[in-house]
Amino acid sequence: MQTQSENACFGGTQGVYTHPSTSCGCDMTFGLFLPQEAQDGPVPLLWYLSGLTCTHENAMTKAGAQAWAAEQGIALVFPDTSPRGDDVADDDAYDLGKGAGFYVNATEKPWAPHYRMWDYVTDELPALLADGFALDMDRQGITGHSMGGHGALTIAMAHPDRFRSVSAFAPIANPSASDWGRKQLTAYLGTNEDLWSPHDATRCMRDTGFDGPMLIDTGTHDQFLDLLKPEALAEAAAARRQQMTFRMQPGYDHSYFFVSTFMEDHVNFHAEALWA
């Protein structure tokens with residue numbers, strides 16, 4: 001692992017690190033904020049998964065999360081959204097290929113050799129973080145925005161013993177029924193829709209739910225609202241009687257202005273679960 005940068009940030013350290021990834025078959029980069037408390041021992045960890053077109057850097061610089069994480073004494077990790085490199089398959093469209101890994105393990109050509117973001121986020125990067133930093137891996141929460149909200153929800157529901165809490169900003173909530181989902185899941189996983197179910201938060205909610213608190217925020221003026229389908233997830237949660245705070249925020253869109261506005265709520269929500 002190579003240190004790309006480390007900057008003092010709200011009494012702690014915001015670092016950027018690169019390492020060779022066995023999952024993705026290329027170098028991967030992630031950001032990690034460690035609060036001041038990490039100097040004295042392991043601290044809880046909150047994952048932030050970013051959306052389409054993003055790298056590790058977008059949320060790290062735009063979401064304002066470090067201030068609230070420092071206040072709560074928790075770490076933040078910002079993984080990339082896809083593999084990178086000259087030999088990594090790509091597409092001319094912004095919603096497929098680099099920047100659009102969708103947090104799945106691709107099985108179809110030309111994506112299969114590198115697009116294994118599920119394994120990267122759930123296995124490889126956690127092991128690297130546990131080995132290299134002062135983190136309490138028994139206290140983890142996960143959140144994300146848009147495609148990253150999709151990833152956060154599906155990963156949390158697949159690993160309920162690992163995550164104490166999950167939240168999402170404007171998640172792609174029902175990709176099997178959306179153009180933001182059907183295109184990518186077909187490309188990465190093929191046409192057998194049964195294989196898509198672990199990567200559809202609404203289906204996951206119907207099948208398993210999550211044994212812990214959930215918080216979902218979506219803006220009423222989100223320009224992609226018909227693609228996100230938050231109502232499908234809300235209906236599935238209600239049918240399951242899943243504990244969940246579901247909020248439609250009046251006037252907000254899909255941007256980081258929306259994310260940063262409600263970031264304090266989300267960090268505090270996770271901190272309550274992580275320090276319990």
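This is a predicted model: local features need pLDDT of at least 70, side-chain atom pairs count only at pLDDT 80 or more; totals for chains, interfaces and linings use all residues.
1. Still on rings: how many aromatic pairs does the rule give? The count comes to twelve. One of them is Trp-111 with Tyr-115, an edge-to-face arrangement with 5.3 Å centre to centre and 90° between the planes. Trp-111 and Tyr-115 are both buried.

2. Trp-111 also pairs edge-to-face with Tyr-188, at 5.5 Å centre to centre and again with 90° between the planes.

3. Now the overall fold. The chain has nine helices and nine strands. An open sheet of nine strands runs in the order 1-2-3-5-4-6-7-8-9, and its pairing is mixed. Strand 1 (2-9) and strand 9 (245-249) are the edges, each pairing on one side only. From one strand to the next, the twist averages 20°.

4. Zooming in on one pairing: strand 6 (residues 135-144) and strand 7 (residues 163-169) run parallel and are joined by three bridges. Here Ile-142 stands opposite Val-166 of strand 7.

5. Two helices to check against the sheet. Helix 2 (residues 65-72) packs on it, touching strand 1, strand 2 (12-21), strand 3 (26-34) and strand 5 (75-79), and its direction makes about 145° with that of strand 5. Helix 9 (residues 256-274) packs on the sheet as well, with contacts to strand 4 (43-49), strand 6, strand 7, strand 8 (214-219) and strand 9; its direction makes about 170° with that of strand 7.

6. A compact globule of 276 residues would have a radius of gyration near 19 Å, and the chain's 17 Å agrees with that. The C-alpha trace spans about 50 × 45 × 35 Å along its principal axes. Buried residues make up 59% of the 276. Of the contacts with a separation of 6 or more, 72% come from residues 24 or more positions apart. The chain exposes about 11,000 Å², with carbon and sulfur atoms supplying 46% of it.

Technical notes:
Residues are numbered from 1 along each chain as its sequence is written. Side-chain values use heavy atoms; hydrogens and water are left out. Two strands pair if DSSP finds at least two bridges between them. Helices (H or I, at least four residues) and strands (E, at least two) are DSSP runs, numbered from the N terminus. Axes are lines fitted to C-alpha atoms, for helices over the stretch in contact, and angles run from 0 to 180 degrees between N-to-C directions. Contact means heavy atoms within 4.5 Å. The radius of gyration is taken over C-alpha atoms; the globule rule is 2.2 Å times the number of residues to the power 0.38. Buried means under 20% relative accessible area, exposed over 50%, partly exposed in between (1.4 Å probe, protein chains only). Accessible areas come from the Shrake-Rupley method with a 1.4 Å probe; for residues, only the protein chains shown count as cover. Rings of Phe, Tyr and Trp (its six-membered ring) pair if their centres lie within 6.5 Å; planes under 30 degrees apart count as stacked, over 60 as edge-to-face and the rest as tilted.
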